[in-house]
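Here is a short briefing to read alongside the coordinates. Keep the viewer open and follow along topic by topic.

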Amino acid sequence: MGRIRRFYYDLFSHFYDIIIDLHSGDKSAALREYLVESSGMGPGDSVLDICAGTGSVAMRASENVRERGGKVVALDFSLGMLRKTAKKVRERDLDGVFSVQADVSNLPFPEGSFDCVTCSHAMYELTARAREKGLGEIRRVLKDGGRFFMMEHEVPGKPFIRFLYHIRLLTMGSGQNREFAKDETVELSQHLSDIRKSSSPTGRSKLISGTKGA
């Protein structure tokens, strides 16, 4: 099953940016801006972007942190996605953006490595077990006081799009996955504190965050 999922996302990497724009109703640049600026990340910070896709969030984050030796790690289990990221980084001649192939449920970093962890439109794609382990790993690699920011889709307002959204939820497997898509704060609060939730400027995406306590 893991190989099949990896093959699917390697293939999906060719269409990823287009699909995100269509599904969210936001332009991806606006979403990146909202996520990065809401996080408060700044010069010298170390940032991990998990399930990084084609690197859009990681590259935008690098603009905020690259001074004073800041770095951004774009992590994904799909080599296809990471190749797209590497291509974008080369084309834009960006420093301080690194690609790592790994699974979110087993992050290859020491405890307390990052000031901020981000994830855009991906956590609901994980199995319930992988997400549970992943949230534990996110807490582990965050520094004390570090924050996790995740962006997901809001329930669409238009009837037909909302119908498609609920069909998508039905394909997500377990009821736990569907409940997570409806309210992510319950699972996040089991690993992080100071859980906050807000809507993107269009109202079609939502941002949920939590802090690692000391």
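The notes below go from the overall fold to the sheet, the helices and a few side chains.

This is a predicted model, so please read every value here as computed from predicted coordinates. The protein has 9 helices and 7 strands. Of its 214 residues, 50% are buried. Among contacts with a separation of 6 or more, 75% join residues 24 or more positions apart.

- The 7 strands make an open sheet with mixed pairing, and their order is 3-2-1-4-5-7-6.
- Strand 3 (97-101) and strand 6 (193-199) are the edge strands; each has a single partner strand, so one side of each has no neighbour in the sheet.
- On average, neighbouring strands of this sheet are turned by 20° against each other, with direction ignored.

**Strand 5 and its two partners**

- Strand 4 and strand 5 run parallel and are joined by 6 bridges.
- In that pairing, F114 stands opposite L142 in strand 5.
- Strand 5 (residues 142-153) and strand 7 (residues 205-211) run antiparallel, with 7 bridges between them.
- One place to look is E152, whose bridge partner in strand 7 is K206.
- Strand 5 has 9 buried residues out of 12, so the rest of the structure largely encloses it.

**Helices against the sheet**

- Helix 5 (residues 79-92) lies across strand 2 (71-76) and strand 3, and it runs at about 170° to strand 3.
- Helix 6 (residues 128-141) lies across strand 1 (46-50), strand 4 (114-120) and strand 5, running at about 140° to strand 5.
- With 14 residues, helix 6 reaches 20 Å from its first C-alpha to its last, close to the 20 Å expected at 1.5 Å a residue.
- The buried residues in helix 6 are A128, A130, R131, G134, L135, E137, I138 and V141.

**An enclosed helix**

- Helix 4 (residues 56-65) has 9 of its 10 residues buried, so it is largely enclosed by the rest of the structure.
- Its buried residues are S56, V57, A58, M59, R60, A61, S62, N64 and V65.

**Aromatic rings**

- The count of aromatic pairs comes to 1.

**Around R131 and E187**

- R131, one of the buried residues in helix 6, lies over the face of F180 at 4.0 Å from the ring centre.
- E187 belongs to helix 9 (residues 185-188).
- E187 has 8% relative accessibility, and because buried means under 20%, E187 counts as buried.
- Leaving aside residues up to four places away in sequence, E187 touches R131, L135, Q176 and F180.
- The C-alpha atoms of E187 and R131 are separated by 9.2 Å, although the two residues are 56 residues apart along the chain.

Key
Residues are numbered from 1 along each chain as its sequence is written. This is a predicted model: local features need pLDDT of at least 70, side-chain atom pairs count only at pLDDT 80 or more; totals for chains, interfaces and linings use all residues. Side-chain values use heavy atoms; hydrogens and water are left out. Two strands pair if DSSP finds at least two bridges between them. Helices (H or I, at least four residues) and strands (E, at least two) are DSSP runs, numbered from the N terminus. Axes are lines fitted to C-alpha atoms, for helices over the stretch in contact, and angles run from 0 to 180 degrees between N-to-C directions. Contact means heavy atoms within 4.5 Å. The expected span of a helix is 1.5 Å times one less than its number of residues. Buried means under 20% relative accessible area, exposed over 50%, partly exposed in between (1.4 Å probe, protein chains only). Rings of Phe, Tyr and Trp (its six-membered ring) pair if their centres lie within 6.5 Å; planes under 30 degrees apart count as stacked, over 60 as edge-to-face and the rest as tilted. A charge sits over a ring if NZ of Lys or CZ of Arg is within 6 Å of the ring centre and within 35 degrees of the ring normal.
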